[in-house]
Amino acid sequence: MPSPNFDRAQKKLGDTGDFYRLFLMPGVEHCNGDQGADTMDRQLLIEAWVENGEAPSRIMAVHHAGNDANAEVTFTRPHCPYPQQAFYTGTGDETDAANFECWDAPKPDYEAPGEAYLR
């Protein structure tokens with residue numbers, strides 16, 4: 001289970017997609033860092049949803065070399081609303097989020113992001 005709170009909300013309220021979504025970030029520690037793509041404009045995403053009604057269907061994020069926001073971008077990835085997961089389409093550069101799609105995953109695997117992304 002990815003989040004007991006998310007699961008409880010879904011069970012009690014039904015489909016919460018209009019106001020509450022869960023985006024897991026494979027390879028990212030609690031807030032940022034580690035091997036996953038963790039840099040995105042969170043404020044812009046929230047404003048677009050709250051002020052303009054534009055709920056995110058996926059969140060594009062980048063990973064910087066050495067987890068230094070001033071360093072070069074090493075790869076980009078989409079983060080998908082649970083229970084979807086980003087999968088490589090099989091064509092194009094594996095470091096480019098444009099070559100990944102959000103698909104339903106029967107058993108999402110967020111523990112091994114490299115393997116999960118490239119299945």
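Reader: Is Tyr20 buried, partly exposed or exposed?

Author: The relative accessibility of Tyr20 is 30%. Buried means under 20% relative accessible area and exposed over 50%, with partly exposed in between (1.4 Å probe, protein chains only). Tyr20 therefore counts as partly exposed.

Reader: On what basis are such values given, and where does Tyr20 lie?

Author: The model is predicted, so local features need pLDDT of at least 70 and side-chain atom pairs pLDDT 80 or more, whereas totals for chains, interfaces and linings use all residues. Residues are numbered from 1 along each chain as its sequence is written, and side-chain values use heavy atoms, without hydrogens and water. Helices (H or I, at least four residues) and strands (E, at least two) are DSSP runs numbered from the N terminus. Tyr20 is placed in the loop between α1 (4-13) and α2 (42-52).

Reader: Which handedness does the disulfide of Cys80 and Cys102 have?

Author: The sulfur atoms of Cys80 and Cys102 are 2.1 Å apart, and a disulfide requires them within 2.5 Å. The torsion about this S-S bond is about -80°, so the disulfide is left-handed.

Reader: How many residues apart in sequence are the parts that Cys80 and Cys102 tie together?

Author: Cys80 belongs to the loop between β2 (73-79) and β3 (84-88), and Cys102 to strand β4 (residues 100-104). Both cysteines are buried. The parts tied together are therefore separated in sequence by 22 residues.

Reader: Which residue of β4 is the bridge partner of Tyr88?

Author: Strands pair if DSSP finds at least two bridges between them. β3 and β4 run antiparallel, joined by five bridges, and four of the five residues of β3 are buried. In β4, Tyr88 has as its bridge partner Phe100.
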